[in-house]
Amino acid sequence: MSTNGHSTCFLSVRRRQVSTQTGRNSRRGVWPRHDVIQNWTPLLTYCLCLPGRSLFNLGIHLFQKHGLIDYFGLDLLKLMRFLSLVERDYRGDNPYHNETHAADVTQAAHCLMSDPKISNHFSRLEVMAMLLAALTHDIGHPGVNQDFLISTSNHLAHIHGDKSVLERHHCQTGRALLVDSHLLDHLPDTQQQQIVCIMNETILATDMARNAEFMTQFQ
């Protein structure tokens, strides 16, 4: 599907659903206020207004804001499917590592990449890869830590070994949803590989056990 006309039409319709107050009870599918997305304002109130849909709407908005849909010729329906699959695979019974947390981290990634001091250093491909990584960085989190998975001989530990078990699980799940949604199928293989590589490196870097290692690199 061509995204130029269809995406503009879709986004125009969504924007007309904006509530003037973020905290006001509103229809399912409300478009987030620009100041909430652009600044460091917490997304909790917005997410409570859209249970199960905050990540979907935020993802569509940020892909449009960064010009990624048109630049990469993304099929909007495939992007919508990908975001719906991502939301589905965040466990609702996880009190922290859920889709609200993913929306919060994705907004933070957007704010960091939009900082005037560093924004010019990111290519469009890097921006898209970073947003994809933020969206999926805790996907399928079971709600327990790595030590518990290893000590209980959980199947995830058997699959991913004893290092960065959860992070490797998130990487694998995110890649699987990209394949399932066919979001990047039309891009050259080299671009697909670069995007997946950045996603993997970014998600693996969220392993707090490696925090000292990364901090040393900045000293």
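A pocket is an open set of points on a 1 Å grid over the protein atoms alone, with protein on both sides within 12 Å along at least five of seven lines. The structure examined here is a predicted model, in which local features need pLDDT of at least 70 and side-chain atom pairs count only at pLDDT 80 or more, while totals for chains, interfaces and linings use all residues. Residues are numbered from 1 along each chain as its sequence is written, and side-chain values use heavy atoms, with hydrogens and water left out.

The largest pocket has a volume of about 1000 Å³, a volume being the space filled by probe spheres set on the points, which are joined across faces, edges and corners. Its lining (residues with an atom within 4 Å of a point) comprises 34 residues, and Thr202, Ile203, Ala205, Thr206 and Asp207 lie nearest the centre. Several helices (DSSP runs of H or I, at least four residues, numbered from the N terminus) supply at least two lining residues each, among them H8 (124–136) and H12 (189–204). Helix H7 gives the largest share, 5 residues.

Turning to the rings, there is 1 aromatic pair in the structure (ring centres of Phe, Tyr or the six-membered ring of Trp within 6.5 Å). Tyrosine 71 and phenylalanine 72 form this pair, 5.0 Å centre to centre, and with 80 degrees between the planes the arrangement is edge-to-face, a label for planes over 60 degrees apart.

Technical notes:
Phe/Tyr/Trp six-rings, centres within 6.5 Å; stacked < 30°, edge-to-face > 60°. 1 Å grid on protein atoms, 1.4 Å probe; cavity = no way out; pocket = protein on both sides within 12 Å on 5 of 7 lines; lining within 4 Å.
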